[in-house]
Amino acid sequence: MERRQAVLLVGSPKPGRSSSLALGEYLLDDLERRGWGTETVNLRRVMNDPSALLVAAERADVVILAYPLYVFGLPAPAVLALERLADASRKHAGQAHEIAADGSAADGPRLVTIVNCGFPEHAHNDLSTEMCRLFAAQAGWHWSGALSLGGGGVIEGRPLRERGPLARSARRALEQTAAALHDGRDVPAEAVRLMAKPMIPARLYRWMSNYGWRRMAAGNGAGDRLDDRPFVTP
Amino acid sequence: MNALIMDGTAAGDAGAAAVKAVLVEHLGNAGWQLDDWVLRETRMAPCDGDFGCWIKTPGQCVHADAGRDVSRRMTAADLVVLFTRVTFGGFSYELKKAVDHAIPALMPWLQEQGGQTGHPMRYEHEPALLGVGLAAGDDGEPARVFAAQVARMASNLSPRRHGAVVCDPRAGGQEIGRRLDAALAAAGLATPAAAGLATPAAAGPAAAAATGPAAPTAPDGDRVEVA
């Protein structure tokens, strides 16, 4: 049997490690242990030359798009990547796809998304998930589902194993997803539920975030300028 | 009375120029003074996600390119028009790149707002928001998601008025104009005066009073209409 291939698209524009990378690599590593070939593409780095992105997607059985929520949507580099992948798919098909929203006529790879946001409530991510589903329908990919996490700041870009009990539910969600993908199934409902489980209570998350902003601003010598209003309003 | 058009269309977007012409004409006729920003002609790197605009140079991006102009121009506007090809129900790359740079207009603090967490605005001034999308089929699921995206963005940027409309460029100028006018009216933005803003002719002390809260007869700011 031919070795199956999973590609992780990291949608975080941050130059270093990110929570998106941490979540995506945990799933990718699990698939690798199951014998899959794996590849990671940082979407920020392929903006000027998308050939690596297009080649990776072309040979993928499963594409995992991991991204942070930016202004209630995908970050711009991830939007650009999806635009290019849809264009490539259209050219490949020779005509515009007319595919059911459930992806039933899809012949492209499976698409799984992992989205995290800086708000404690995962529901902020819902619209961006719908956009990814619409992309899959337009590109002729099979929509396999989304894992949605609130309070992504808790991960701090560190490997999930290092986050101990805080990330236990997220790890279980990703393990269940890996098992399902390996068996040719979509993201299980139980994995969706586990990923959506808050890592810490919302009130505590808000307090910790606000403390963190003050501490970081003070470290940059901007502690007394957090409320600056540099622009003139009408 | 200033309307900023953030034009996120690509050079090859079919029918974009025709729809833009109708948009400019109708906003101008309604009394809005236009700041037309064609984003594809602007050199702007994507947001780095480094939050320097909150913790290093509060209120503006740490990188000195056109990304810094986004919050400045949005803050100076009374109405922000998001003009884009509907892209999987969302904004095009060019528009999203600019919109991602809007966060300096927010404060970093997380606050509970109506049962969910959000950021308070940095400025008291809240520009109205209108999404104008282009799609070959002007209804259906992408249009619904597009309108929801504008409304969601509005929920954090807190404009008193917002709305969205999706236009099929093949519909013709008259129909496109009708839909734009209907969307503006539904959001209470038919004219600067209707939006509770001064008109050029009314400038002066009386006009200052007119820039207060919206008239009680105006539609609810939470409404989003897909005309």
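Biologist: Thank you. How many helices and strands are there in chain A?

Modeller: Chain A has 7 helices and 5 strands. Helices (H or I, at least four residues) and strands (E, at least two) are DSSP runs, numbered from the N terminus. This is a predicted model, in which local features need pLDDT of at least 70 and side-chain atom pairs count only at pLDDT 80 or more, while totals for chains, interfaces and linings use all residues. Residues are numbered from 1 along each chain as its sequence is written, and chains are lettered from A and ligands numbered from 1 in the order in which they are written.

Biologist: And which pattern does chain A follow along the sequence?

Modeller: The pattern is β-α-β-α-β-α-β-α-β-α-α-α.

Biologist: What share of chain A is buried?

Modeller: Buried residues make up 50% of the 234 residues. A residue is buried if 20 or more other C-beta atoms, placed from the backbone, lie within 10 Å of its own, exposed if 12 or fewer, and partly exposed in between.

Biologist: Let us turn to A:Val71. Where is A:Val71 placed?

Modeller: A:Val71 lies in the loop between strand S3 (62-68) and helix H3 (76-93) of chain A. Its phi is near 45 degrees, a positive value in a residue other than glycine.

Biologist: Is A:Val71 buried or exposed?

Modeller: A:Val71 counts as buried because it has 22 C-beta neighbours inside 10 Å. A:Glu156 also has a positive phi, near 55 degrees, but A:Glu156 is partly exposed, with 13 other C-beta atoms within 10 Å.

Biologist: Now helix H6 of chain A. Which of its residues are buried?

Modeller: In H6 (residues 189-196), they are A:Ala191, A:Leu194 and A:Met195. Seen down the axis of H6(A), these fall within an arc of 95 degrees, so they line one face of the helix. The arc is that of the directions from the helix axis to the C-beta atoms. On the other side of H6(A), A:Ala189 and A:Arg193 are exposed.

Biologist: What do the buried residues of H6(A) pack against?

Modeller: They pack against S5 and H5 of chain A. Two residues are in contact if their C-beta atoms, placed from the backbone, lie within 7 Å.

Biologist: How many residues does each chain bring to the contact between A and B?

Modeller: Chain A gives 43 residues and chain B gives 42 residues. On the side of chain A that touches chain B, the largest share, 7 residues, comes from H7(A).

Biologist: Finally, strand S6 of chain B. How many of its residues are buried?

Modeller: In S6 (residues 128-134) of chain B, 7 of its 7 residues are buried.

Biologist: Which strands pair with S6(B)?

Modeller: Strand S3 (residues 79-85) of chain B and S6(B) pair in the parallel sense over 7 bridges, and B:Leu129 is the bridge partner of B:Val80. Strand S7 (residues 162-167) of chain B also pairs with S6(B) in the parallel sense, over 6 bridges. Two strands pair if DSSP finds at least two bridges between them.
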